[in-house]
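User: Hi! Could you walk me through this one? I'd like to go over a few spots together.

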Amino acid sequence: MRSILLLALIALTVSCKNETKSETLSNYFTYNENSNVESAGVKMIPIKTPFGEFKVWTKRFGNNPKIKVLLLHGGPAMTHEYMECFETFFQREGFEFYEYDQLGSYYSDQPKDSTLWTTERFVEEVEQVRKAIGADNNNFYVLGNSWGGILAMEYALKYQKNLKGLLVANMVASAPEYGKYADEVLAKQMKPEILAEIRALEAKKDFNNPRYMELLIPNFYQQHLCRLKEWPDGLKRASKHVNGEVYTLMQGPSEFGISGRLAKWDVKNRLKEITIPTLMIGAKYDTMDPKAMEEQSKLVQKGHFLYCPNGSHLAMWDDQKVFMNGVIQFIHDVDTDKF
């Protein structure tokens, strides 16, 4: 009799646990959308600009009122696709997070008005996205990589009152310093004859010459952008989908530093204004100086530095364990007031 009662108790306990787990999963993937049609979390968010109203693509994962993370991709005008690796790690943690194509990027509207492509306007776009996803300073985290890091810092400098945490991955706070590092450190790591040929093509502004990419891919991209032998599918898709007009206008055509509208961008002296918990992420083989990233973590008021010893500009891929563990720990620490 006792054995039967014990087995019944165990069965009831397991059943309760399964129901709890099932309920949790059900809640996590229920978005309460105002539609009878499930869209897998995809939503086109309307964005008002001085030059008209447009829509940007977002995709929501999860349901967590305590942690909402907005991912800001690089470029400018790359896509969310190369950041898809966050799906695995953030869903395991139960984070609510959003993939997002900024205006001008492949899955969002791509207006042709060049006056739209300014850092200031992109900041206002992020603020409108924040409102649309119902995030505030109790739960809102922004994680920006590369150009997304520029956007994240600029957003924090204007709207940190709406943020709980800031994460800047692989982006220094000064475009001129970035250019100097590219010229004086990264370029000198190339074979002199390779660098000379690249410089000759750049001097002629012959950026569309197939030879330019033939030289850059093995000698620069595979060394400093992503060091994996086989590039992730998401990165390949993002590379195919980049909006070259916006990218060139803001970043410039050359990969050595920034020569477009962002050429003189510099907020290093303003980092002291950022008072929210901030994680700066650098990597050994990055296009950005990891020592500069470490310095930035000390310039903000509540900073922490994460170093990826095997990573490059996309350390989220080529030093994934260190990168993701550090990012997740930071978010948990801020959420539980342990930071």
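Predicted model: local features only at pLDDT ≥ 70, side-chain atom pairs only at ≥ 80, totals over all residues.

User: Thanks! Which strand is the place of N145 in?

Analyst: N145 belongs to strand β5, which covers residues 140-145.

User: And is N145 buried or exposed?

Analyst: N145 counts as buried, because its relative accessibility is 0%.

User: Which side chain does a polar contact join to that of N145?

Analyst: That would be N170: the two side chains are joined by a polar contact of 3.3 Å.

User: Nice. Switching to the core, which residues touch the most other members of the largest nonpolar core?

Analyst: That core has 53 residues, and F86, F90, F323 and I331 touch the most other members. Helix α12, residues 320-335, gives the most to this core, with seven residues.

User: What does F323 touch, not counting residues up to four places away in sequence?

Analyst: With those left out, F323 touches F86, A169, N170, I281, L306, C308, A315 and M316. There is also a second, separate core of 52 residues, and L116, A156, V172 and L262 are among its members.

User: Why would nonpolar side chains be buried together?

Analyst: As a general point, nonpolar side chains in soluble globular proteins tend to be buried together.

User: Okay, aromatics now. How many aromatic pairs does the count come to?

Analyst: The count comes to 16 aromatic pairs. One of them is formed by Y106 and Y107, in an edge-to-face arrangement with 4.9 Å centre to centre and 80 degrees between the planes.

User: How accessible are Y106 and Y107?

Analyst: Y106 counts as partly exposed because its relative accessibility is 41%. Y107 counts as partly exposed too, at 31%.

User: Which residues form one aromatic cluster with F323?

Analyst: F61, F86, F90, F95 and F97 are in that cluster with F323. F86, F90 and F323 also came up above, in the largest nonpolar core.

User: Which ring does the charged end of R227 sit over?

Analyst: The charged end of R227 sits over the ring of Y285, 3.7 Å from its centre. In another case, the charged end of R121 sits over the ring of F122, at 4.6 Å from the ring centre.

User: Let's talk cysteines. How many disulfides does the structure hold?

Analyst: Zero disulfides. Take C85 as a case: the nearest cysteine sulfur is that of C226, 9.7 Å away, and C85 is in no disulfide.

User: Last stop, K59. Where is it?

Analyst: K59 is in strand β2, residues 52-61. At 22% relative accessibility, K59 counts as partly exposed.

User: What does K59 touch, not counting residues up to four places away in sequence?

Analyst: K59 touches A40, G41, V42, F97, Y98 and E99. F97 is one of the aromatic cluster residues we went over.

User: How far apart are K59 and K188?

Analyst: They are 129 residues apart in sequence and 41 Å apart in space, C-alpha to C-alpha.

Conventions: Residues numbered from 1 in each chain as written. Heavy atoms only, no water. Helix = DSSP H or I, 4+ residues; strand = E, 2+ residues; numbered from the N terminus. Buried < 20%, exposed > 50% of the residue type's maximum accessible area, 1.4 Å probe, protein only. Polar contact = N/O pair within 3.5 Å; in protein donor to acceptor, adjacent residues only side chain to side chain. Core = buried A, V, L, I, M, F, W, Y, C linked by side-chain atoms within 4.5 Å. Contact = heavy atoms within 4.5 Å. Phe/Tyr/Trp six-rings, centres within 6.5 Å; stacked < 30°, edge-to-face > 60°. Lys NZ or Arg CZ within 6 Å of the ring centre and 35° of its normal. Disulfide = S-S within 2.5 Å.
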